[in-house]
Amino acid sequence: MRFEIVTLFPELFDGLRTGLLGKAQEAGVIDIQAITPREFTSDRHRTVDDAPYGGGSGMVLMPGPIVETLDHLDEARGGKPTHRLLLTPQGARFSQAHARRFSELDSLTLVCGRYEGFDERIRGLVDEEVSLGDFVLLGGEAAALAVIEATARLLPGVLGNEESAADESHADGLLEYPQYTRPEEFRGERVPDILRSGNHAAIARWRRKESLRRTLERRPDLLETAALTDEDHKLLDEIRAER
Ligand SMILES: C[S@@+](CC[C@H](N)C(=O)[O-])C[C@H]1O[C@@H](n2cnc3c(N)ncnc32)[C@H](O)[C@@H]1O
């Protein structure tokens, strides 16, 4: 899968050359291209922003250099389609469902705003707008990094163990069960006996119950949309009776 990032600060994405995403790029599973609209300006100062019409503080990204960058990327892709995403606090809140949907694409183009934001006409150039959450960042880059990581790790061949993406928080609409590793006892807290029992069926049941318990305690809203079985409802009744 190809990730294209339109950003005033391509160097912020250099970190993606390390770790699992670095390996995935070396293996050709993903390709990440960060490109600055400054390359597509014609003036001496490589101007990409200007003061807002009507006055007010800060600078606003101009549409021209962004269009030129998107056209260049289309050409470099040989006209193959992409899905264009604008990172903005005014977009839909990014979720695992977005990441799953994006991981089905061949190409995702992420457009990052900066300063006071971007000219309204840039909105017409994209397919979708997403926000990382109800807070304001300096620019779209941190949000783009989050979208790339969450999407890329769902692609076959990116995670060492395909199981780990299937099992964790939000994969099936629930939060993940508690995890333990060595030592068996740490500062008086012991690993639950059942996890050392070797009884796989009992461990699976415990994990499902703890996943439901954690979701009920921390994110009860998720239970309204999670696909729950009759057995899950029985486990939830048990948890409520234990409270
Ligand atoms: C300082 S913000 C501009 C905010 C803009 N004036 C507004 O009120 O919507 C600069 C850029 O950071 C990015 N950004 C800020 N917060 C974000 C968030 N929560 N999610 C995604 N992108 C964000 C956007 O690309 C935005 O254009």
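Helices here are DSSP runs of H or I with at least four residues, strands are runs of E with at least two, and both are numbered from the N terminus. What you see is a predicted model, in which local features need pLDDT of at least 70, side-chain atom pairs count only at pLDDT 80 or more, and totals for chains, interfaces and linings use all residues. Residues are numbered from 1 along each chain as its sequence is written.

- Nonpolar covers Ala, Val, Leu, Ile, Met, Phe, Trp, Tyr, Cys and Pro; charged covers Asp, Glu, Lys and Arg; the others, Gly among them, count as polar.

**The chain as a whole**
- You can find eight helices and nine strands in the chain.
- The chain is more spread out than a compact globule, because its radius of gyration is 23 Å, well over the 18 Å that the globule rule gives for 243 residues. This radius is taken over C-alpha atoms, and the rule is 2.2 Å times the number of residues to the power 0.38.
- The C-alpha trace spans about 70 × 45 × 35 Å along its principal axes.
- Of the 243 residues, 23% are buried. Buried means that 20 or more other C-beta atoms lie within 10 Å of a residue's own, exposed means 12 or fewer, and partly exposed is in between, with C-beta atoms placed from the backbone.

**Helices H6 and H8**
- Helix H6 (residues 200-218) packs with helix H8 (residues 230-242) at an angle of about 65°, and their axes are 10 Å apart. Axes are lines fitted to C-alpha atoms over the stretch in contact, and angles run from 0 to 180 degrees between N-to-C directions.
- On the H6 side, Arg208, Lys209, Leu212, Arg213 and Leu216 meet Asp232, Leu235, Leu236 and Ile239 of H8. Two residues are in contact if their C-beta atoms, placed from the backbone, lie within 7 Å.
- This contact has five nonpolar, no polar and four charged residues.

**Glycine 58**
- Glycine 58 sits in the loop between strand S3 (49-50) and strand S4 (60-61).
- Glycine 58 is exposed, with 11 other C-beta atoms within 10 Å.
- Leaving out residues up to four places away in sequence, glycine 58 touches Tyr115 and Glu116.
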